[in-house]
Amino acid sequence: MTPYGNIVFFIIIGMLLLPTIILGLREKSAKGYNIYVSIIVLALIFGNSLNGTISLILFTVFQLLLIIAYQKYRLQKNSGTVFVVAVLLSILPLVLVKVLPILGLHHLFGFLGVSYITFKSVQMILETRDGLIKDKISAIELAYFLLFFPTVSSGPIDRWRRFYKDMHAVPSNQDYQKLLLSGINYIFVGFLYKFILAYLIYNYTLIYLPNHTYNYLTPFQGQIAYMYMYSFYLFFDFAGYSAFAVGVSRIMGIQTPINFNRPFSSRNIKDFWNRWHMSLSFWFRDYVYMRFVLWMTKKKWIKNKFIISYIGFFLLFFLMGIWHGLEWHFVVYGLYHALLIISFDKFERWNKKRKLWPKNKWTHAIGVFITFNAVCFGFYIFSGKLF
């Protein structure tokens with residue numbers, strides 16, 4: 001069964017979450033029952049694929065053993081080599097999922113959501129290394145975090161310390177009512193985005209573009225129309241899915257972070273990445289970019305802080321690009337955004353000295369227009385239609 005793929009999934013989820021809602025309104029902890037619900041829903045999602053089920057179980061056991069073992073080690077020692085080995089082992093399954101199909105081994109290993117569970121696992125090891133996670137973690141609670149069913153297939157990517165706090169909190173009746181209403185609202189937003197707007201855009205424009213324009217558009221205009229329609233489709237489809245995940249999470253008492261915040265109204269490319277797929281972009285910012293910059297600064301191999309920062313941007317967006325797939329258009333998409341970020345950073349520093357681009361409503365509107373078109377061209381690259 002595909003998560004949030006049809007009305008049957010929502011009916012099943014609604015029935016399973018009724019006891020959760022009753023417990024929440026009566027100010028009782030639903031943690032134990034929600035873990036039980038997660039197991040049932042995961043069985044429904046992965047039950048139709050024996051290979052996927054075995055891969056998920058082996059992968060989860062591997063990640064649990066790795067995280068718990070590193071936690072025990074970290075309480076005693078703090079070797080950098082052991083830390084690097086632990087991180088590499090954690091991402092190894094994800095690398096195999098990306099590389100094995102290139103070698104012709106399409107069905108050997110892999111399952112829905114392997115990327116998002118890997119991001120959570122790596123986060124656990126990194127924050128354990130930093131000393132931010134010190135307390136002993138129950139294997140069941142850790143598995144619940146990694147396999148939290150509302151977000152298991154496509155995020156948003158939650159953080160352990162925030163998740164742990166919500167998992168153990170028992171909200172008052174009034175607080176739970178707010179969570180419940182917020183969750184239902186997000187689910188209705190998801191229906192509007194995914195099953196109405198994304199559906200209409202795909203079925204009434206995107207399947208005809210860029211080539212089948214019935215002489216209404218030239219080939220070039222067909223490509224331009226495809227670029228914008230694909231951008232809107234991508235947003236409504238993914239934002240709709242994320243809204244479902246956030247909504248169901250809130251009904252379960254977990255305030256999973258939102259993933260989108262009006263990204264097409266961004267005034268520049270930095271602002272865009274603070275609004276688009278936020279849990280992923282913040283994950284890469286915190287655990288790749290910031291750590292790379294701090295590491296390079298500490299090593300002093302390059303003294304210019306701007307060059308370090310720009311190399312960090314290239315690394316960040318290159319990894320984000322190949323994470324989508326090992327195809328050229330994903331790589332170019334990542335590098336394109338690195339160039340946009342670096343170009344804007346240079347412009348921002350140039351303008352800070354010369355004050356030629358004032359902050360007012362007109363420059364804000366022009367900034368939104370430029371950013372929107374630059375982002376849509378990026379999605380055009382991402383779509384693979386450009387080359």
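Me: How many residues does the largest nonpolar core have, and which of them have the most contacts inside it?
Reply: In this predicted model, the largest nonpolar core has 109 residues, and those with the most contacts inside it are Trp 273 and Phe 379.

Me: Which helix gives the most to this core?
Reply: That is helix α10, residues 219–251, which gives 14 residues to the core.

Me: And what is Phe 379 in contact with, leaving aside its neighbours within four places in sequence?
Reply: With those neighbours left aside, Phe 379 is in contact with Tyr 230, Ser 231, Leu 234, Phe 264, Phe 272, Trp 276 and Tyr 333.

Me: Changing topic, where is Tyr 214, and is this residue buried or exposed?
Reply: Tyr 214 lies in the loop between α9 and α10, and because its relative accessibility is 58%, over the 50% cut-off, Tyr 214 counts as exposed. Its phi is near 50 degrees, a positive value in a residue other than glycine.

Me: What about His 277, buried or exposed?
Reply: His 277 has a relative accessibility of 6%, so this residue counts as buried. His 277 sits in the loop between α11 and α12, and has a positive phi of about 45 degrees although it is not a glycine.

Me: Which peptide bond at Pro 210 is cis, and where is that proline?
Reply: The bond from Leu 209 to Pro 210 is cis, with omega near 0 degrees, and Pro 210 is placed in the loop between α9 and α10.

Me: Where is Pro 156, and what joins Gly 155 to that residue?
Reply: Pro 156 is in the loop between α7 and α8, and a cis peptide bond with omega of about 5 degrees joins Gly 155 and Pro 156.

Key
Residues numbered from 1 in each chain as written. Predicted model: local features only at pLDDT ≥ 70, side-chain atom pairs only at ≥ 80, totals over all residues. Heavy atoms only, no water. Core = buried A, V, L, I, M, F, W, Y, C linked by side-chain atoms within 4.5 Å. Buried < 20%, exposed > 50% of the residue type's maximum accessible area, 1.4 Å probe, protein only. Helix = DSSP H or I, 4+ residues; strand = E, 2+ residues; numbered from the N terminus. Contact = heavy atoms within 4.5 Å.
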